[in-house]
Amino acid sequence: MQIPAVFYRCQFQKLHSTIRHLTPGTHVLLAVDGAAPLAKLATQRKRRGSASQRKHKGVPGLCATPGTRFMARLEQALIYWCCQELSAYRARHLTFELSGSDVPGEGEVKVLRSMKTREKNARFKGHSHLIVSEDSDALLLALTAEPANVFVLSSKVRFISHWSPYDHVRVVN
């Protein structure tokens with residue numbers, strides 16, 4: 001299946017807008033789902049297959065499976081986008097990292113692993129982390145995260161629960 005160029009432009013605009021509005025300090029990690037463990041693979045394929053049968057905008061679920069041509073093209077497009085952002089003045093101080101579908105594991109687990117690795121480095125001690133994800137697992141993983149300053153940005157979350165300075169994760173709409 002050929003995905004129109006409009007899809008990529010739309011994704012680039014969303015990424016660019018997010019970077020512009022949130023102004024990251026040092027690092028941007030883009031993580032897409034990699035190969036799932038064998039036990040989860042059958043369930044995932046069934047869910048993606050039934051999701052692609054329903055009428056919806058965007059990419060059919062089975063195309064977004066690691067190892068497909070679409071995922072290879074998406075990763076090439078994300079590399080291009082990162083290079084474009086790095087060439088802009090506003091992002092020249094940032095480090096961009098792309099964890100593609102060739103790296104095993106779910107995207108939110110990759111993000112959490114990266115956060116924990118950075119926390120060990122004295123240069124990143126005390127930095128805050130923002131996870132932008134539509135996956136509800138990202139919120140649950142953020143609740144278990146070791147670094148104290150974790151924010152989750154998702155359009156699915158429609159509320160902000162009571163927050164105190166002692167809370168570990170803040171949900172941002």
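1. Setting aside residues up to four places away in sequence, Ser 99 touches Leu 29, Leu 30, Ala 31, Val 32 and Lys 110, where contact means heavy atoms within 4.5 Å. Ser 99 itself belongs to strand β2, which covers residues 95-99; strands here are DSSP runs of E with at least two residues, helices are runs of H or I with at least four, and both are numbered from the N terminus.

2. The model is a predicted one, in which local features need pLDDT of at least 70 and side-chain atom pairs count only at pLDDT 80 or more, while totals for chains, interfaces and linings use all residues. Residues are numbered from 1 along each chain as its sequence is written, and side-chain values use heavy atoms, with hydrogens and water left out.

3. Ser 99 counts as buried because its relative accessibility is 10%, the classes being buried under 20% relative accessible area, exposed over 50% and partly exposed in between, with a 1.4 Å probe and protein chains only. The side chain of Ser 99 is also joined to that of Lys 110 by a polar contact of 3.4 Å. A polar contact is a pair of N or O atoms within 3.5 Å; within protein, one atom must be able to donate a hydrogen and the other to accept it, and residues adjacent in sequence count only if both atoms are side-chain atoms.

4. For the chain as a whole, the secondary structure comes to five helices and five strands, and the order of elements from the N terminus is α-β-α-α-β-α-β-α-β-β. Of the 173 residues in the chain, 35% are buried. Among contacts between residues at least 6 apart in sequence, 54% join residues at least 24 apart. The chain exposes about 11,400 Å², of which carbon and sulfur atoms supply 58%; accessible areas come from the Shrake-Rupley method with a 1.4 Å probe, and for residues only the protein chains shown count as cover.

5. The loop between α1 (5-22) and β1 (27-31) holds Gly 25, which is exposed at 52% relative accessibility. Leaving aside neighbours within four places in sequence, Gly 25 is in contact with His 93 and Leu 94. The C-alpha atoms of Gly 25 and Thr 95 are 9.4 Å apart in space, although 70 residues separate the two in sequence.

6. With a relative accessible area of 58%, Thr 23 is exposed.

7. A search of the whole structure finds four aromatic pairs. In one of them, the rings of Phe 7 and Tyr 8 have their centres 5.3 Å apart and their planes at 75 degrees, so the pair is edge-to-face. Rings of Phe, Tyr and Trp (its six-membered ring) pair if their centres lie within 6.5 Å, with planes under 30 degrees apart counted as stacked, over 60 as edge-to-face and the rest as tilted. Phe 7 is buried at 17% relative accessibility, as is Tyr 8 at 14%, and ring pairs link Phe 7, Tyr 8 and Phe 70 into a cluster.

8. No disulfides are found in a search of the whole structure, a disulfide being a pair of cysteine sulfur atoms within 2.5 Å. For Cys 82, the closest cysteine sulfur is that of Cys 83, at 6.9 Å, which is too far for a bond. Cys 82 is buried, with a relative accessible area of 8%, whereas Cys 10 is partly exposed at 32%.
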